[in-house]
Structures are given as structure tokens and as C-alpha cells.
Number of protein chains: 2
Amino acid sequence: MSAAPGSNAWLDELTWDKDGLIPAIAQDAETGDVLMFAWMNRDALARTVETGEAVYFSRSRGKLWHKGEESGHTQKIREIRIDCDNDVVLLKIEQVGGIACHTGRRSCFFQRYLADGRWEAVDPVLKDPKEIYK
Amino acid sequence: MSAAPGSNAWLDELTWDKDGLIPAIAQDAETGDVLMFAWMNRDALARTVETGEAVYFSRSRGKLWHKGEESGHTQKIREIRIDCDNDVVLLKIEQVGGIACHTGRRSCFFQRYLADGRWEAVDPVLKDPKEIYK
């Protein structure tokens, strides 16, 4: 973040919550599948733009999280959008390795509501997480 | 919410934040376009399932918000998914009227980041908001 003052005006245009965060949705740029949801702070979004790969802010670990830093399943940025209230980010990405979820599935949204009041995992595990996180 | 105790076990499986809310993403079931992002409380999600139309919780107004109640642009539920942490909801919907955004655009995510550090509205207004909200 060595840029000159004022050059981050595009970050100032966003509405950050009281914790300095903004929700971020990652969508497969080709298929349109929603792959995951996470949070960003200013630094995460700035680094995402700088590096061309998705960087989130891990609320549980309290630090930046370069998606794929352990798994290799990075997300290459194709396009970044924001919504009408400037308070949600949508990343259109290429999912390296085809797996976004830590469970080894393509998308984190693999549980579907069934009419009888149950959630069911409906998408396959593509790779054993033990093989992903060695 | 007149259901017998215990019948909302599927709601208990979700992780609600300290305000009792969960993020919700609405995606066009046909095209895969991400149309909007909002929040739900337990009652909103229960009513969404009961009515087959998206009901959110408006944080600004502090009450349930049946999407389209003013505009007529309701969202018919095709599928409901949750993510691996049970703390984000993904609605696959049919957008009645083809307009999800209060600006009269199809999607709320109509602003794209340009390489020179600007956000630009890149999608057309399909209908004048004055004609939507009379």
C-alpha cells in the first residue's frame, strides 16, 4: 500500500461495515456458479487488485488470507463488481484446480434444502481434503 | 411460525450472527447471474420456504421485507442452498419482471472495477425507478 495519498479513492467509495469489512462473493467467471462467500477489508481488496488473485480477510484468524495459499486453489480475478449500495463485492474468477471449498468440493454451496425440512449434501467431493491440506 | 416445536430443526442447523442474521445471495436460476445480496433472520428464511418467494430482513427498516412487495419484482424460489459453514444462504430464483435492483437494472452488481481505479456502471437501466415505485 505504498501508493500515493488519494490513489485509493476507489476503496473510499465502498461502504465498509463497523469492523472495516465488506462481504465478498466469488463466482466462477465461466459457469456462473457461486463458489464461496467471504469477507474483505481494504487491504484485502487492494491486494486482490494488485495481485490479480483473491485475497480475503479471515475473521477467525484476524488476518489476510490469500485464498489457495495452502491448497494451491487460488482464484484468478477476471472481473470485480460492486452492488448498488457499494457495500458488497462480487468477484468473477477462474478457480485454479476447480475446487473452492475446503471440503474438496467445487463450491462451498453444496447443501440443498429439501422439502421435508432437511439439508442434504448434493455435490460430490472431488478431492480428499487430506490430500489438499498436507 | 405456528409449526410444532422441533420442526424448525433445519433453521437451528444454520449459524446466525450475533444479530440473528445470515447473509443471503440471490442468483438467477437460469442464467447464473448474481442478482442481489441481502440478509435474513430466522423468520425471513422460514417465510421464504413457506411462501416460495424471497423474504429478507431489512436492517435499515428493522423488519421483514418481502422482496417485490412494492415493485412487484418478487423472486420465486427454485432452490435454497447453504455453504460449508452453514452461515451463508444461496437462493436460486426466478426474478419476476427481470429486474432485481431498485435502480431499475437487472442485477444490483452493475458497477465494474476498471483498471485505472474507477468503478463504472456497465449495465443498462431497464426501467425508470419512478415507474417501478409509484
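A nonpolar core here is a set of buried Ala, Val, Leu, Ile, Met, Phe, Trp, Tyr and Cys residues joined through side-chain atoms within 4.5 Å. I note that I'm working from a predicted model.

**Core**

I started with the core. The largest one has 77 residues. I looked up which residues have the most contacts inside it, and they are I25(A), V89(A), I25(B) and V89(B).

Next I listed what I25(A) touches, leaving aside neighbours within four places in sequence. In chain A, I25(A) is in contact with V34(A), M36(A), F37(A), V88(A), V89(A), L90(A) and L91(A). From chain B, the contacts of I25(A) are I25(B), V34(B), F37(B) and F109(B).

**Six-stranded sheet**

I then traced an open sheet of six strands, in the order β8(A)-β7(A)-β5(B)-β6(B)-β1(B)-β2(B), with mixed pairing. Which strands stand at the edges? They are β8 (118-121) of chain A and β2 (34-40) of chain B; each has a single partner strand, so one side of each is left without a neighbour in the sheet. The twist averages 35° from one strand to the next.

Six bridges link β2(B) to β1 (residues 22-28) of chain B, in the antiparallel sense. Among the residues involved, Q27(B) has V34(B) as its bridge partner.

**Hairpin in chain A**

I moved on to β3 (residues 55-58) of chain A. V55(A) and F57(A) point one way, Y56(A) and S58(A) the other way, and all are buried. β3(A) runs antiparallel to β4 (residues 63-66) of chain A, with four bridges joining them. Y56(A) has W65(A) as its bridge partner. The hairpin has four residues between the strands, and G62(A) takes a positive phi near 65°.

**Annotated aspartates**

D83(A) lies in the loop between β5 (75-82) and β6 (89-95) of chain A, and D85(A) is in the loop between β5 and β6 of chain A.

Buried or partly exposed? I took the cut-off for buried as under 20% relative accessible area. D83(A) has 3% relative accessibility, so it counts as buried. D85(A) has 45%, so it counts as partly exposed.

Contacts, not counting residues up to four places away in sequence: D83(A) touches V88(A), C108(B), F109(B) and Q111(B). D85(A) touches T15(A) and H102(B).

Key. Residues are numbered from 1 along each chain as its sequence is written. Chains are lettered from A and ligands numbered from 1 in the order in which they are written. This is a predicted model: local features need pLDDT of at least 70, side-chain atom pairs count only at pLDDT 80 or more; totals for chains, interfaces and linings use all residues. Side-chain values use heavy atoms; hydrogens and water are left out. Two strands pair if DSSP finds at least two bridges between them. Helices (H or I, at least four residues) and strands (E, at least two) are DSSP runs, numbered from the N terminus. Axes are lines fitted to C-alpha atoms, for helices over the stretch in contact, and angles run from 0 to 180 degrees between N-to-C directions. Buried means under 20% relative accessible area, exposed over 50%, partly exposed in between (1.4 Å probe, protein chains only). Contact means heavy atoms within 4.5 Å.
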